[in-house]
Amino acid sequence: MRHFLALDLKDDPALIAEYEAYHRNIWPEVREHLKAHGVMGMEIHRLGTRMVMLMETDDARYDADAMALATRSNPKIAEWEELMWKFQAPTPWTPEGGKWTAMTRIFAL
């Protein structure tokens, strides 16, 4: 299944450059965490401060709630997520306390 999510970055060119540098070489634990929870592929695209993530998952193994729980309970993954908040900002439509927010498909060909 494909999931599209949105998140903003803080409007600071130096922070954006640092964020992109982290994503050119993500921590091995982050890669392993994603794969262990059924994420088969992931891309993040940016326009200005807005980011869109395409996440491809294995329906038999992917459970967003279980992955969120595992994120909070794994110290290394929690460290990564905390570090990423240095750069990230919720969109105006992100629920309070949220991060990546699911997008609604409005067209398909």
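## Lys 99 and its surroundings

Visitor: Which side chain does the side chain of Lys 99 make a polar contact with?
Guide: That of Glu 81, at 2.6 Å. A polar contact is a pair of N or O atoms within 3.5 Å, one able to donate a hydrogen and the other to accept it; residues adjacent in sequence count only if both atoms are side-chain atoms.

Visitor: What kind of model is this?
Guide: It is a predicted model, where local features need pLDDT of at least 70 and side-chain atom pairs pLDDT 80 or more, while totals for chains, interfaces and linings use all residues. Residues are numbered from 1 along each chain as its sequence is written, and side-chain values use heavy atoms, leaving out hydrogens and water.

Visitor: Back to Lys 99. Where does it lie?
Guide: In the loop between β4 (88-89) and β5 (101-102).

Visitor: Why does Lys 99 count as buried?
Guide: Because its relative accessibility is 15%. The cut-off is under 20% (1.4 Å probe, protein chains only).

Visitor: What does Lys 99 touch?
Guide: Leaving aside residues up to four places away in sequence, Lys 99 touches Ala 6, Leu 7, Glu 81, Met 84, Trp 85, Gln 88 and Thr 94. Touching means heavy atoms within 4.5 Å.

Visitor: New topic. How much of the chain is buried?
Guide: Buried residues make up 33% of the 109 residues.

Visitor: How many helices and strands?
Guide: Four helices and five strands. Along the sequence they run β-α-α-β-β-α-α-β-β. Both are DSSP runs: helices (H or I) have at least four residues, strands (E) at least two.

Visitor: And what box do the C-alpha atoms fill?
Guide: Roughly 40 × 40 × 25 Å, along the principal axes.

Visitor: How much space lies in the largest pocket?
Guide: About 1,000 Å³. A pocket is an open set of points on a 1 Å grid where a 1.4 Å probe fits, with protein on both sides within 12 Å along at least five of seven lines; lining residues have an atom within 4 Å of a point.

Visitor: Which residues lie nearest its centre?
Guide: Of the 38 lining residues, Leu 34, Met 53, Met 67, Glu 81 and Trp 100 do. Elements giving two or more residues to that lining include β1 (2-9), α1 (13-24) and α4 (75-84).

Visitor: What about the second largest pocket?
Guide: Its volume is about 250 Å³. Residues lining the second largest pocket include Arg 2, Phe 4 and Met 103.

Key:
Points joined across faces, edges and corners; volume = space filled by probe spheres on them. Buried < 20%, exposed > 50% of the residue type's maximum accessible area, 1.4 Å probe, protein only.
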